[in-house]
Amino acid sequence: MVFALVLAAWPVPHAAAQIVTTRPGATKPDTAKLYALALVETMLLNVVVNRFDALVLKEDWAHPTPEIWKHNLKTGWEWDEDLFTTNMFAHPYHGNLYFTGGRANGLNFWESMPVALFGSWNWEYFGETHRPSLNDWFMTSIGGFALGEVTHNLAATVRNNTLRGGARTRSEIFAMMLDPMGGLHRLFRGQWNDVTPNPVEHAPEAIALRLNVGARVADAATDTTLADDGGSNFAFIVELRSSDPFDLEYTRPFDAFNVRAVVSGGLNQVDAYGRLYSGGLPDSTKSTRHLFAINQVFDYLNNPAQRAGGQSVEGGFYSKFALKGDWGIRSHTFAQLMILGAVDAPYGGFGERISDYGSGGGARLRLTLEKRSLPWVTLFGKWTFISSVSGADADHKLGAAGIEVDIPVWQGWGVAAHGGVYWRNSRYSSGLRDKRDFPELRILAFWSPIGTRQ
Amino acid sequence: MRRAWGPITLTLASLVLLVTGSAAAQASGAAATATTRRSGLWAELGLGWGSLRAACAGCEEVTSSAGGVTYFRVGGQVSPHVFLGGETNGFFDASFISSDTTTLAAEIEAVNFIAIWFPGRSGLFLKGGLGIAQGRFTIVDTSSATSETLRGTGVGINVGAGWDFPLRPRMALTASFTTQIVGIGDFVAGGRTIEDVIGTVYQLAVGFVFR
């Protein structure tokens, strides 16, 4: 996805981020809302995926029969035993396909949510020999909302309806890599050659991308069954942002979002925040500004202290405090409601699954010293509580805190040092306690190929 | 142990549908003169019939039984077709499971954040919600006159559809079918642990709306 974005944007001159309250030249899509077709397409997608699993991958569970359908309708939901990565990533991607199918049929963000819910329900009851999985329905649907809207927006940004010829075809291909359902719809409708105004989601000037490469320094984990064994190794961080919430008046869900992925010794972290709603923009001439916002959150952490993730909603305030010259302080203060989360539970889990599912809440705080909206020093803290409803009878408290120093050097290049500590404190009804912590340090060089440069 | 839907349950369900159909027929006539005012703040109180299906980890069979449901919703309009609000709903069955000496009563309560969406100009609406839920099972041993209450709290998801029949500019009747799914964790009874209980309540209800 990162490479598609970079390659597609390469021929376009880099644009400095601008403060805009509306996107000039953008139009609302003039597309009929095809509700029924969107629902039928989810079922067709399920048939295609099921047949691929059955005939190509030879999966045993991909051969449901009418008797199994009847059994599933009679017995209903259960918690499944799938692997952590299957539930956290594969299922949201599947949900993303349902969701973007809705968007491709002219439905907006809210109208596409029932499409994803229906598509996932349909798969759970009729697509497998297993009983329908409640955690899959949550992760597929809710994760699909977030991932689907992000890919829909990115594809619309990569695609440029005003181009012609080879440049246009290239933009359509890269957009389809991000949003296969949208790309296929446009291909079959003959829209790859139509020259039209771009939709409101097309916002190349709002995109900022930063790539960080370096090394992680940490102690090796003592428990080698963990997915992240700790230790010192290569580090790679991708940060993608679309719009600063203070620069864009709220018009629709995910008009401002950011995604961050961290890799060292495996995938360590994925954070995605998408704005669902925010209040009116405060007066930009004031030295102190506060903006209330509600965000949808997808997060995933994997380190020797905790392997956790979930689908959440948070509410709170973005704040900006102007200092002298181009300097300022930005803060994020949010309370989070964890709709459904998962956490590794070596002393719990269920069957072959060694993680607990549950709901809970938390909070996050972020304080950044910035210059011309670019971060220089960031302090962060995050706390999460998950009470298990599947797996062990346990309560899990998770936390993370640290400091990140990013120093721009020249034309989008810079150096950085990120340090943090992750901890967990799990308490089981049997009296067992699981307390762990994991400190780490990353030394990085960064490059911003797209977006604001100092 | 599974209980089939008995004749009493089917009769109750038929009565609810009959009342709903009659009210709908009357409301259709009344709506011809009443002006629909689907805006601003609203509150809704509903009653009806429900069926609870309880499943657990490793259980090959599920247990189902019927009971009464009630709900209360309050919220406001955020767009011409969407209402957002909060809802509490409950299900109760005094004899979810019963034997010669033991009776198990089941209660499911949920508090949800809900969205109600009217896709078009008609009274058809879709409803979705997320929230927290609690399951309460009371075991009464009739031979020793003792009882024990088991509780579990967890996550709930609520989806449904219905029809809104305006009666007056500020009053309406609704008929809806909703599924409330709750994941309420483990229950320990008599030294035995029933793990990862999931309850599914199917609700058929009539509501009175004040706007």
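1. A:Asp326 and its partner. This is a predicted model. With a relative accessible area of 42%, A:Asp326 is partly exposed. The side chain of A:Asp326 meets that of A:Arg372 in a salt bridge, at 3.2 Å from N to O. A:Asp326 lies in the loop between strand E6 (306-322) and strand E7 (327-344) of chain A, and A:Arg372 in the loop between strand E8 (355-371) and strand E9 (374-390) of chain A, so the pair ties together parts that are 46 residues apart in sequence. A:Arg372 also counts as partly exposed, because its relative accessibility is 46%.

2. The side chains of A:Asp434 and A:Arg436 meet in a salt bridge of 2.8 Å, N to O. A:Asp434 is buried, because its relative accessible area is 6% and the limit for a buried residue is under 20%. A:Arg436 is buried too, with a relative accessible area of 17%. Elsewhere, A:Arg159, A:Arg168, A:Glu172 and A:Arg186 are joined into one network by salt bridges that share partners. Over all chains, the structure holds 28 salt bridges. In general terms, side chains of opposite charge can pair when their charged atoms come close.

3. The barrel of chain A. Which strands make up the closed barrel of chain A? The barrel has 12 strands, running E1-E2-E3-E4-E5-E6-E7-E8-E9-E10-E11-E12, and the pairing is antiparallel. From one strand to the next, the twist averages 20 degrees. Helix H6 (residues 134-158) of chain A packs on the sheet and touches E1, E2, E3, E5, E6, E7 and E8 of chain A. The direction of H6 makes about 145 degrees with that of E7(A).

4. Strand E2 (residues 233-242) and strand E3 (residues 257-263) of chain A run antiparallel and are joined by seven bridges; A:Val238 stands opposite A:Ala261 in E3(A). E3(A) in turn pairs with strand E4 (residues 267-278) of chain A, again in the antiparallel sense and over seven bridges. Here A:Asn258 has A:Tyr273 in E4(A) as its bridge partner. E3(A) and E4(A) form a hairpin with three residues between them, and A:Gly265 in the turn has a positive phi of about 70 degrees. E4(A) is then joined to strand E5 (residues 288-303) of chain A by nine bridges, the two strands running antiparallel. A:Tyr277 stands opposite A:Ile294 in E5(A).

5. Two helices of chain A. How do the axes of helix H7 (residues 165-178) and helix H8 (residues 180-188) of chain A cross? They come within 6 Å and cross at roughly 140 degrees, which makes H7(A) oblique to H8(A). On the side of H7(A), the contact is made by A:Arg168, A:Glu172, A:Met176, A:Met177 and A:Leu178, and on the side of H8(A) by A:Pro180, A:Gly183, A:Leu184 and A:Arg186. Five of the contact residues are nonpolar, one is polar and three are charged. A:Arg168, A:Glu172 and A:Arg186 are also among the members of the salt-bridge network.

6. Strand E4 (residues 102-117) of chain B pairs with strand E5 (residues 124-141) of chain B in the antiparallel sense over 16 bridges. One of the positions is B:Ala110, whose bridge partner in E5(B) is B:Ala133. B:Gly128 stands opposite B:Val159 in E6(B). E5(B) and E6(B) form a hairpin with four residues between them, where B:Ala145 in the turn has a positive phi of about 55 degrees.

Note on methods:
Residues numbered from 1 in each chain as written. Chains lettered and ligands numbered in written order. Predicted model: local features only at pLDDT ≥ 70, side-chain atom pairs only at ≥ 80, totals over all residues. Heavy atoms only, no water. Salt bridge = Lys/Arg side-chain N within 4 Å of Asp/Glu carboxyl O. Buried < 20%, exposed > 50% of the residue type's maximum accessible area, 1.4 Å probe, protein only. Pairing = 2+ DSSP bridges. Axes fitted to C-alpha atoms, helices over the stretch in contact; angles between N-to-C directions. Parallel < 35°, antiparallel > 145°, perpendicular 65-115°, else oblique. Contact = heavy atoms within 4.5 Å. Nonpolar A, V, L, I, M, F, W, Y, C, P; charged D, E, K, R; others polar.
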